[in-house]
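Subject: Structure handover and findings

Hello,

Here is the structure I said I would pass on. Please keep it open while you read the notes under it.

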Amino acid sequence: MSEKHPIIAITGSSGAGTTSVTRTFDNIFRRENVKAAVIEGDSFHRYDRKEMRQRQEEAEKAGNKHFSHFGPENNLFPELEALFRDYSESGTGRCRKYLHDPVEAAPYNQQPGTFTPWEDLPGDTDLLFYEGLHGAVVTPDVNVARYPDLLIGVVPVINLEWIQKLWRDKHVRGYSAEAVTDTILRRMPDYVHYICPQFEHTHVNFQRVPVVDTSNPFIARDIPTAAESICVIRFANPKGIDFPYLLNMIDRSWMSRANTIVVPGGKMELAMQLIFTPFIWRMMERRKRALGAL
């Protein structure tokens, strides 16, 4: 953690909804005039799309049915930890971009599914913002979770997470339901060992819970809407959280535990704005004081 060079990390599985949370923070940064170095977790995958497919085929031929993007063998965990460490110490670090589609790839004259070259972060940012799979990963060799000043987990109940992934990969990426189901099954051991344990380290967790039947996510036609959901927000350390203020500002919200507030699904973004804007204010004020002491 660093007062001069703070880090915010959003962590969650593929299909969990971390991108939606990122949009909320983009709005906060723009409104509060905060310049963030934005890092996408996909840029720390070890292999590009073509090589990953080749490696997966090789793994399956060798009898490995659980080769996935979730585990350490297919990610650059030491490099991610080095980025967090370097930024927290000096506001510097090296990063690259993963180009998901033709629109992202066009400015770089590269193919979709490839990485841009490694480059230095801009030298004049206020904070580092990470969104991806491994913002709180801890293994015997690395500990990424110790660096973020604000660590947020996005964790829908698992049937909803699968529905969201199935819908996105079928309708946006053009995959078949069978292919997406195969991916979910292949990732399960790494999901259990490298995704779930991260939420022990998060400062705040957002868990969206549908209030409609999601018993069989593999036949769901639509993603449950915000109006058909509630959002459970859990604080690891509730000290300093003004729960009466939040309850007053968010209609139909209630406390389920001393550290947990439940809000209507459609109020999730409002809750994030109310909760995290003061976090950003305090972060920037501490940074200003720390830099002024130089």
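Predicted model: local features only at pLDDT ≥ 70, side-chain atom pairs only at ≥ 80, totals over all residues.

Residues are numbered from 1 along each chain as its sequence is written, and side-chain values use heavy atoms, with hydrogens and water left out.

Cores

A nonpolar core here is a set of buried Ala, Val, Leu, Ile, Met, Phe, Trp, Tyr and Cys residues joined through side-chain atoms within 4.5 Å. Buried means under 20% relative accessible area, exposed over 50%, and partly exposed in between (1.4 Å probe, protein chains only). The largest such core has 33 residues, and I8, F25, F206, I233, I275 and F276 have the most contacts inside it. Helix α8 (residues 268-292) supplies the largest share of this core, 10 residues. Helices (H or I, at least four residues) and strands (E, at least two) are DSSP runs, numbered from the N terminus. Leaving out residues up to four places away in sequence, I275 touches F206, I233, F235 and L246; contact means heavy atoms within 4.5 Å. There is also a second, separate core of 22 residues, with L76, L121, Y130 and V142 among them.

Strand β7

L128 lies in strand β7 (residues 127-132) and is buried, because its relative accessible area is 0%. Beyond four places away in sequence, L128 touches P6, I7, I8, A37, I39, L83, F84, Y87 and L121. P6 is 122 residues from L128 in sequence, yet their C-alpha atoms are 6.5 Å apart.

Hairpin

Strands β11 (residues 254-257) and β12 (residues 260-264) run antiparallel and are joined by three bridges; strands pair if DSSP finds at least two bridges between them. W254 has V262 in β12 as its bridge partner. The hairpin joins β11 to β12 through two residues.

Cysteines

How many disulfides does the structure hold? It holds zero, a disulfide being a pair of cysteine sulfur atoms within 2.5 Å. For C231, the closest cysteine sulfur is in C196, 18 Å away, so it is too far for a bond. C231 is buried at 0% relative accessibility, and C95 is buried at 11%.

Helix α3

P78 is in helix α3 (residues 77-90). P78 counts as partly exposed because its relative accessibility is 48%.

Regards
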